[in-house]
Amino acid sequence: MVRDILVWPHPLLKKPATPVVKVDDSVRALVADMFETMYAAEGVGLAAPQVGVLQRVIVLDTTPRQPESLPLAMINPELLTLEGETTYTEGCLSIPGEAEDVVRAASVTVRFLDTEGQSQTLACEGLLAIAVQHEVDHLDGIVYVDHISTLKREFIRRRMKKLQAQREQPRANL
Ligand code: NI
């Protein structure tokens, strides 16, 4: 089921998420919904707080619709190592239509539970390394605009308010 994606600055996007205690069918159902929601929105990553669930769950696919497509679901992800530095123009499904340069580590190692509850460790570089850091940030109540200048962030906040107002106007598709 495709779920609604919260738009920043929704208060739930600023709250830290809590660790998953047991990887059960309800967590697997959440993961399935998150993949469906992410692909429908044409994103490469999604964190549970973006669909209003304050649990430490993220999904990623940095090469969607390609033969090498690798859907990754990470439960309770933890960054073990961060190395180097890189700048990438990031967007976010919770901040539609915007993109800004963000400086992050160039490569990371992440430990997480998979959907069977098994512990995995994955070395990531390139877009995957950036996406993992972006999504783990979401679990700590941080969005990419928290990493840019106040001025740019306030411009984006204003545009999101306008967007939100437009969305809340009554409408009918006849
Ligand atoms: Ni995001």
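Donors are N, O and S atoms within 2.8 Å of the metal (3.2 Å for Na, K and Ca), and sites may look incomplete because water is not among the atoms. In this predicted model, local features need pLDDT of at least 70 and side-chain atom pairs count only at pLDDT 80 or more, while totals for chains, interfaces and linings use all residues. Residues are numbered from 1 along each chain as its sequence is written, and side-chain values use heavy atoms, with hydrogens and water left out.

**Nickel site**

- The nickel ion has as protein donors Cys92 (SG), His134 (NE2) and His138 (NE2), which lie 2.1 to 2.3 Å from the ion.
- The spacing of these donor residues in sequence is C-x41-H-x3-H.
- Helix α2 (residues 126-139) holds both histidine 134 and histidine 138, 4 residues apart, about one turn of the helix; helices (H or I, at least four residues) are DSSP runs, numbered from the N terminus.
- Histidine 134 and histidine 138 are both buried, meaning under 20% relative accessible area, where exposed is over 50% and partly exposed is in between (1.4 Å probe, protein chains only).

**Aromatic pair**

- The whole structure contains 1 aromatic pair, where rings of Phe, Tyr and Trp (its six-membered ring) pair if their centres lie within 6.5 Å.
- The ring centres of phenylalanine 35 and tyrosine 39 are 6.1 Å apart and the planes are at 15 degrees, so this pair is stacked; planes under 30 degrees apart count as stacked, over 60 as edge-to-face and the rest as tilted.
- Phenylalanine 35 and tyrosine 39 are 4 residues apart in helix α1 (residues 25-40).
- Phenylalanine 35 is buried at 14% relative accessible area, whereas tyrosine 39 is partly exposed at 29%.

Definitions and conventions
Helices (H or I, at least four residues) and strands (E, at least two) are DSSP runs, numbered from the N terminus.
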